[in-house]
Amino acid sequence: GIQVEQSPPDLILQEGANSTLRCNFSDSVNNLQWFHQNPWGQLINLFYIPSGTKQNGRLSATTVATERYSLLYISSSQTTDSGVYFCAVESYTNAGKSTFGDGTTLTVKP
Amino acid sequence: DGGITQSPKYLFRKEGQNVTLSCEQNLNHDAMYWYRQDPGQGLRLIYYSQIVNDFQKGDIAEGYSVSREKKESFPLTVTSAQKNPTAFYLCASSIGADNEQFFGPGTRLTVL
């Protein structure tokens, strides 16, 4: 099946700093999502982005499907950005089956 | 309010007992999913259903069973055959396969 690798596994920032999280995948995808898991375990949708670039406030994401990677940018980070960020993909050959990466744990210090 | 509900939030069971986790959605979504998350890890797909009365195994279906008799409901049974059932279980739904998934708040199952 498709492999998903997220980097870095852990990231510690000072409030106000910018960061880039990366998601590499091993096959062509027709679905890619970024999620933020809060301390209570709830998964919050950030972006549905199988290709192209999207922005939502301080967050933006870019997926380059032909090169099999996606980037999540967080600017002017806040302590509330802390948590685990997951990338999830679906390959063309396995419609309906999402594969998650192991996540990036972000800690933003005041 | 439209959304996905899971109950209960916390569940404790004795080893050897079957237990059923509830997942309901009122979003009129066709597709529903069950995932398992272990500490420090990503989510792994247990079962998914793209339409009523149909479902497929995910990557870790052994020891679990599901039913999809109604569009809005997708209950998961953790059977005694599941070797390590203690985990965080998350349910999701989407309009259809390949579409954006939305998650419920999860159920933390502890088997004693």
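**View 1. Ser76 of chain A in its loop.** Ser76(A) sits in the loop that runs between strand 8 (69-74) and strand 9 (83-91) of chain A, where a strand is a DSSP run of type E with at least two residues, a helix is a DSSP run of type H or I with at least four residues, and both are numbered from the N terminus. Although Ser76(A) is not a glycine, its phi is positive, at about 45°. The relative accessibility of Ser76(A) is 39%, so this residue counts as partly exposed; here buried stands for under 20% relative accessible area, exposed for over 50%, and partly exposed for values in between, with a 1.4 Å probe and protein chains only. The views show a predicted model, in which local features need pLDDT of at least 70 and side-chain atom pairs count only at pLDDT 80 or more, whereas totals for chains, interfaces and linings use all residues. Residues are numbered from 1 along each chain as its sequence is written, chains are lettered from A and ligands numbered from 1 in the order in which they are written, and side-chain values use heavy atoms, with hydrogens and water left out.

**View 2. Asn53 of chain B in its loop.** In chain B, Asn53(B) belongs to the loop between strand 5 (43-51) and strand 6 (54-57). Asn53(B) is not a glycine, yet its phi is positive, at about 65°. With a relative accessible area of 62%, Asn53(B) is exposed.

View 3. In chain A, the peptide bond that joins Ser7(A) and Pro8(A) is cis, with an omega of about -10°, and Pro8(A) is placed in the loop between strand 1 (4-7) and strand 2 (10-14). In chain B, the bond from Ser7(B) to Pro8(B) is likewise cis, with omega near -10°, and the loop that holds Pro8(B) lies between strand 1 (4-7) and strand 2 (10-13) of that chain.

**View 4. A salt bridge between the two chains, from Asp59(B) to Lys97(A).** Over all chains the structure holds 5 salt bridges, a salt bridge being a side-chain nitrogen of Lys or Arg within 4 Å of a carboxyl oxygen of Asp or Glu. One of them brings together the side chains of Asp59(B) and Lys97(A), at 3.2 Å from N to O. Asp59(B) is in the loop between strand 6 and strand 7 (64-66) of chain B, while Lys97(A) is in the loop between strand 9 and strand 10 (99-100) of chain A, so this pair joins two chains. Lys97(A) has a relative accessibility of 19% and therefore counts as buried.

**View 5. Chain A as the setting of the close-ups.** Chain A has 0 helices and 11 strands. Its radius of gyration, taken over C-alpha atoms, is 13 Å, which agrees with the value near 13 Å that a compact globule of 110 residues would have; the globule rule used here is 2.2 Å times the number of residues to the power 0.38. The C-alpha atoms of chain A fill a box of roughly 45 × 25 × 20 Å along the principal axes, and buried residues make up 49% of the 110 residues. Among contacts in chain A with a separation of 6 or more, 56% are between residues 24 or more positions apart, a contact meaning heavy atoms within 4.5 Å.

**View 6. Chain B as the setting of the close-ups.** Chain B likewise has 0 helices and 11 strands. The radius of gyration of chain B is 13 Å, close to the 13 Å that the globule rule gives for 112 residues, so chain B is as compact as a globular protein of that length. Along its principal axes, the C-alpha trace of chain B spans about 35 × 25 × 25 Å, and 47% of its 112 residues are buried.
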